[in-house]
Amino acid sequence: MKVADVFRVKNPEVRALHLTWIAFFITFYVWFNMAPLASSMLRSVDWLTADDLRLFAICNVALTIPARIIVGMALDRFGPRRVFSVLMIVMSIPALVFAFGNTMTQLLVSRLVLSSIGASFVVGIHMTAMWFKPRDIGFAEGFYAGWGNFGSAAAAITLPTIALHMYGGDDGWRWAIAQSAIFMAAYGVYYWFAITDGPVGTVHRKPRKAVALEVSSWGDMIKLILWTIPLVGVLAILVWRIESMGYLSETWAAVCYAAIVAVVCYQIIQILRVNVPLLKKGVPEDDKYPFNSVAALNSTYFANFGAELAVVSMLPMFFEETWSLGATAAGLIAASFAFVNLVARPMGGLVSDRMGNRRFVMLSYMFGIGIGFGMMGLMNSSWPLVIAVAITVFTSFFVQGAEGATFGIIPSIKRRLTGQISGMAGAYGNVGAVVYLTIFTFVTPTQFFYIIAAGAFVSWVLCLLWLKEPESGFADEYYVSSVDLQIEKEAKLREASV
């Protein structure tokens with residue numbers, strides 16, 4: 001696929017790509033509609049504090065973690081069209097509650113529920129994989145993610161202006177957020193009727209069980225359990241932080257901890273229920289895949305997308321306070337971090353397609369992230385603003401490119417498990433965000449950037465040791481195993497018997 005192909009909107013796959021990145025763009029616009037309005041919220045709501053907003057920032061990414069796992073399963077059952085539409089419509093409700101909330105509880109709970117909208121990314125990844133061939137998937141996924149992810153930058157650029165100049169007054173920020181929620185719901189209805197799950201005749205390959213990821217060996221099952229625990233277990237950090245700030249009693253915190261443990265145990269039981277019978281029977285050689293590659297990509301998304309979510313949440317206020325800027329100016333400058341998405345993420349996928357070695361591209365980008373955040377850690381008020389912006393853009397180039405490279409690999413690992421693998425890797429991005437944003441409540445911005453740099457270098461080492469080049473990563477069609485064919489045959493027999 002060439003860059004010029006994105007303008008050929010009469011092609012069904014290109015039209016589907018544009019419809020889907022726009023949906024993703026809108027969900028990210030709504031997801032990140034708080035950060036650029038943080039200063040306005042503090043000025044208009046006298047009972048809010050900066051610590052409250054930091055807590056909201058953690059809540060803003062928390063439930064995305066389990067939501068991405070649940071959505072990954074729903075994708076394999078209902079398809080991306082239905083899931084995307086329903087997600088946009090339903091998530092407009094907590095967005096409106098947050099817009100007009102008048103108590104701490106309303107703002108906290110609605111922001112927590114709204115964080116589930118972050119699962120939209122996984123839906124579009126699955127939809128794009130159904131429309132494009134393996135040889136083109138890197139650029140297609142990168143274009144989808146890059147232009148859709150720009151929604152966070154668009155929110156930073158436009159929302160302060162909408163709040164201050166279109167609506168004005170103390171409640172301007174409320175109407176700006178409400179407007180974005182209403183538009184998202186409307187597009188959700190449109191998306192339902194405007195697209196299909198892949199071209200006509202597409203075989204939607206589904207896993208045998210959607211409740212847990214299938215693995216190829218007993219060792220891989222143990223690894224899956226170990227990598228599954230943090231996906232829900234990380235929510236304990238959020239509970240601890242809310243309790244420590246006095247918003248949750250010890251009793252209710254204990255209830256939350258017990259619920260988290262119960263969910264983790266349930267997930268482990270599902271992993272055993274799905275995989276023990278399959279492993280006892282024996283997994284055919286042509287159906288095996290390396291779980292170590294999944295683990296490595298989990299770490300990359302923790303370190304790149306997790307860092308992006310965390311940095312986007314704190315960057316407007318960082319520029320505003322460090323260089324004494326106004327809210328609008330700080331939002332515009334901070335948006336430069338996400339603005340690079342328009343080019344860098346599609347380029348990450350395109351380079352992954354063209355280089356003929358997706359593993360090498362992944363390693364290069366992760367190393368660049370470590371260098372970039374290390375440089376951002378050196379920035380302070382004595383630096384010229386233009387240099388600080390340039391370094392921010394440089395770092396963002398590697399962050400977004402690494403995200404594109406990650407999802408240039410995932411669809412080729414195991415085709416019928418794409419939804420679940422995407423959901424798991426995507427959820428690790430939010431695990432990273434929760435961890436990083438929690439750390440941010442205890443450290444200075446300089447220390448924060450250094451910590452993110454260290455996380456990128458750790459991921460680089462894991463990729464060096466574990467990540468394998470997908471065997472069919474540049475083929476004309478996705479690899480189909482004997483098990484895939486058997487599942488397809490069984491599905492046809494069931495349809496015929498109905």
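1. In this predicted model, the residues of helix 12 that are buried are Ala253, Ile260, Val264, Gln267, Gln270, Ile271, Val274, Asn275, Leu278 and Leu279. Their cover includes helix 4 (64-78), helix 10 (218-233) and helix 11 (235-244).

2. Helix 12 runs over residues 250-281, and its end C-alpha atoms are 47 Å apart. Its 32 residues should span 46 Å at 1.5 Å a residue, so the two values agree. After the helix comes Gly282, with a positive phi near 105 degrees.

3. Helix 7 (residues 120-131) is mostly covered, with twelve of its twelve residues buried. Among them are Phe121, His126, Met130 and Trp131. From first C-alpha to last, helix 7 reaches 17 Å, close to the 16 Å expected.

4. The largest nonpolar core contains 166 residues, and Phe291, Leu315, Phe373 and Phe448 have the most contacts inside it. Helix 13 (residues 291-322) gives the most to this core, namely 17 residues. Leaving aside residues up to four places away in sequence, Phe373 touches Ala307, Val311, Phe337, Thr395, Val399, Phe449, Ile452 and Ala453.

5. Most residues other than glycine have a negative phi. Ser324 is not a glycine, yet its phi is positive, at about 55 degrees. Ser324 belongs to the loop between helix 13 and helix 14 (327-339). Is this residue, Ser324, buried or exposed? Ser324 is exposed, with a relative accessible area of 67%.

6. Across the whole structure there are 40 aromatic pairs. One of them is Phe56 with Phe98, an edge-to-face pair at 6.2 Å centre to centre and 85 degrees between the planes. This pair links distant parts of the chain, 42 residues apart: Phe56 is in helix 3 (residues 50-62) and Phe98 in helix 5 (residues 80-100). Phe56 and Phe98 are both buried.

7. Phe84 and Tyr191 also form an edge-to-face pair, with 5.3 Å between centres and 65 degrees between planes. Here helix 5, which holds Phe84, is linked to helix 9 (residues 172-194), which holds Tyr191; the two residues are 107 apart in the chain. Both Phe84 and Tyr191 are buried.

8. One aromatic cluster is formed by Phe24, Phe28, Trp31, Phe32, Phe121, Tyr144, Tyr301 and Phe305. Phe121 is also one of the buried residues of helix 7.

Key
Residues numbered from 1 in each chain as written. Predicted model: local features only at pLDDT ≥ 70, side-chain atom pairs only at ≥ 80, totals over all residues. Heavy atoms only, no water. Core = buried A, V, L, I, M, F, W, Y, C linked by side-chain atoms within 4.5 Å. Buried < 20%, exposed > 50% of the residue type's maximum accessible area, 1.4 Å probe, protein only. Helix = DSSP H or I, 4+ residues; strand = E, 2+ residues; numbered from the N terminus. Contact = heavy atoms within 4.5 Å. Expected span 1.5 Å × (residues − 1). Phe/Tyr/Trp six-rings, centres within 6.5 Å; stacked < 30°, edge-to-face > 60°.
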